[in-house]
Amino acid sequence: MPLPRIVRTVKGLRSTVQKWRSAGESVALVPTMGALHDGHMTLVKLAKRKADRTVVSIFVNPTQFAPTEDLSRYPRDEAGDAAKLGSAGADLIWAPSVEEMYRDGFATTIVPKGAALPLEGEFRPHHFAGVATVCAKLFSQSMADVAIFGEKDYQQLCVIRQVVCDLDLPVRIVAAPTSRDRDGLARSSRNAYLTAQERAIAPALNRALHGIAAIAAKGGLVNKAIDVATHDLLHAGFRKVDYLAVCDAETLGSFQTGSGRPGRVLGAAWLGSTRLIDNIAI
Ligand code: AMP
């Protein structure tokens, strides 16, 4: 497969996408921060089934990182990413510089509430404003009909659906299931930070979520299940548990067993200096 063309200006992106659209072709966007792994590739495969053309954006968005977070050490490998995207059959890589994305005088931010407030919103207060704003820009820049988001970042998916609905953005959001290693660990670019010993401990997060989901599904004592799971994670070697929570799968508000509404278990915990997140359906 040939390498996809890498485009770095909004003007260049728009002119290619305009040509596709005038020829009657539909466009799917897969937003990423690069350091692509097999999980990202499942999104690209899904995108190819949903539209005639696939644009993959690679942009490590500074506005969604707090000053104390891992922006400077976030893994970057554009050549490796381009080779993987070539094999997967992506049509174009949208890789703007920070200056192209946030031109001089940039002063507009989308601040989502609702699904953005709990969980990650409590631990990373400005994160979803950064995500919402850059995604709105990516949708507008790419003029995509469809955008693919992974359930791996479940709260992000809920927030993006909310923003698209609230702002009447003309893009359809499609969710891709979480892609996992054989031992249950959700694939993530940040897994590259883990030492061999931490990597062996990491699947305990997914097991903890399954333990809580089993109790929640039976209408059992969720708070007790969360306490037990927290204890198990710390005992396994996690340094800190930011949250383990059982939520309504759409609003991320409170979940009632037997309400007929879907539920979701979500968690975030620190393994050494790496923060892992995961979630599963109830
Ligand atoms: P990132 O590059 O980590 O910002 O992720 C880009 C997109 O890929 C997001 O929609 C993520 O939810 C999705 N993604 C990342 N890891 C996985 C995974 N293991 N399974 C499914 N989707 C994923």
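The model is predicted, so local features need pLDDT of at least 70 and side-chain atom pairs count only at pLDDT 80 or more, while totals for chains, interfaces and linings use all residues. Residues are numbered from 1 along each chain as its sequence is written, and side-chain values use heavy atoms, with hydrogens and water left out.

**Stop 1: the domains**

At the interface, 21 residues of domain 1 are in contact with 19 residues of domain 2, contact meaning heavy atoms within 4.5 Å. About 1800 Å² is buried between domain 1 and domain 2, and carbon and sulfur atoms give 52% of that area. Buried area is the accessible area (1.4 Å probe) that two parts lose on being put together, summed over both.

**Stop 2: helix 1 and helix 6**

Next, select residues 10–22 (helix 1) and 127–142 (helix 6). Helices (H or I, at least four residues) and strands (E, at least two) are DSSP runs numbered from the N terminus. The axes of helix 1 and helix 6 come within 8 Å and cross at roughly 50°. Axes are lines fitted to C-alpha atoms, for helices over the stretch in contact, and angles run from 0 to 180 degrees between N-to-C directions. Helix 1 and helix 6 are therefore oblique to each other; angles under 35 degrees count as roughly parallel, over 145 as roughly antiparallel, 65 to 115 as roughly perpendicular and the rest as oblique. Show Val-10, Leu-13, Arg-14 and Val-17 of helix 1 against Ser-140, Gln-141 and Ser-142 of helix 6, which make the contact.

**Stop 3: Met-143**

Move to Met-143, in the loop between helix 6 and strand 5 (146–150). Leaving aside neighbours within four places in sequence, Met-143 is in contact with Arg-14, Val-17, Gln-18 and Arg-21.

**Stop 4: helix 6 and helix 7**

On the helix 6 side, display Phe-128, Val-131, Ala-132, Cys-135 and Phe-139, which meet Gln-155, Gln-156, Val-159, Ile-160, Val-163 and Val-164 in helix 7.

**Stop 5: helix 9 and helix 10**

Finally, select helix 9 (residues 204–217) and helix 10 (residues 222–236), which pack at about 165° with axes 9 Å apart. Helix 9 and helix 10 are therefore roughly antiparallel to each other. Helix 9 contributes Ala-204, Leu-205, Ala-208, Ile-212, Ile-215 and Ala-216 to the contact, and helix 10 contributes Val-222, Ala-225, Ile-226, Ala-229, Leu-233 and Ala-236. From Ala-236, a C-alpha to C-alpha line back to Met-143 spans 46 Å, across 93 residues in sequence.
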